[in-house]
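Here are my notes on this one, point by point. Have the model open while you read.

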Amino acid sequence: MKSFTLSGGIEMPVLGIGTWFHGDTGNQMRDAVVQAVDMGYRHIDCAYIYLNEKKMGEAFSTIFEKGEVKREDLFITGKLWGTEHAKDRVEAACRSSLKDCQLDYFDLYLIHWPTGFIPDNGNLPKRENGQLAFSGVTIEECWLAMEDLVKKGLTRAIGLSNFNTEQITRLMKIGSMKPVVLQVESNPRFQNDALRKYCKKHGIQMVGYSPFGSPDLPWGRPLPHILVDPTLVRIAKEVGKSTAQVVLKWQLTRGVAVIPKSIITSELQNNLEIDGWELTPEQCKEIEGLETGERKIIPINTLPDGTKELRDGTDENYPFRFTETFDEE
């Protein structure tokens, strides 16, 4: 599988498998990861808040026991959750995730969201009024603690997820290491192109999650599935591929790595078949024309009276307060 070279020289496979499966009834995601690696996947995207790190540990143990794939053959990402942003908690959180994943190191460790929550009160601590209890830990404090993880060999590289350009710029000014990856929502309907251009200018690799729009998630307005879009269906027929393959190829063509999630064997295999063919510039332009600017992945909090609000909306670190604009390529 092809790779993107991250700042610092680390190779990251362009296609990975996401492991957030909120409908898991037991071992489905674990078994899917084992199967995916058998098929040829080498990039596995994990996170504490997916609540399945121990299952991922079982998967990795099974994979390595087979003997055909070694630890150094895989690129494994972990993510720091918001309750652990304080400088005296970051290392312990990383070590705990590594233990549960049965790993000695991550290849990449991300700050999952810029918003921090108070610790030791559950993953989503709330105040008496039902709103989230934010910690007030600055992103600068958290980032400097993340740098120590690289120095101690707990991760090969560090990066960010769901941060905006202003926040990334702040961190690059104070840190000795710049983020090598920015992981964000990106698909034909919400392309995040300003962030892509910003990342390209600054040597940060963008990774797109929810490449098919995550229609199964309860957040955002109900929308038709991206993969049945008439434009994508027509282009897929033109190139003799599936609409999913067309979307993944389009992302790779624009320099964005992708981490689609699936537990279905046929989908896992289908997603792998992205080499040996190309989209024309005209076809890519048509896909760009599907942009609506409508974000899907915005976590929601339900108050005691049933009112719904943005989960992180009142925190100073909430990243989606403005529309990104960045025209430089």
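1. First, a term: two strands pair if DSSP finds at least two bridges between them. Helices (H or I, at least four residues) and strands (E, at least two) are DSSP runs, numbered from the N terminus. This is a predicted model, where local features need pLDDT of at least 70 and side-chain atom pairs count only at pLDDT 80 or more, while totals for chains, interfaces and linings use all residues. Residues are numbered from 1 along each chain as its sequence is written, and side-chain values use heavy atoms, with hydrogens and water left out.

2. The open sheet has 8 strands in the order 3-4-5-6-7-8-9-10, with parallel pairing. Strand 3 (17-18) and strand 10 (257-258) are its edges, each pairing on one side only.

3. Look at strand 4 (residues 43-45) and strand 5 (residues 75-80): they run parallel, joined by 3 bridges. His-43 has Phe-75 in strand 5 as its bridge partner.

4. Now helix 6 (residues 193-202): its buried residues (under 20% relative accessible area, 1.4 Å probe, protein chains only) are Ala-194, Leu-195, Arg-196, Lys-197, Tyr-198 and Cys-199. Their cover, counted by contact (heavy atoms within 4.5 Å), includes helix 5 (165-174), strand 8 (181-185) and strand 9 (205-209). Just after helix 6 comes Gly-203, with a positive phi of about 70 degrees.

Key
Buried means under 20% relative accessible area, exposed over 50%, partly exposed in between (1.4 Å probe, protein chains only).
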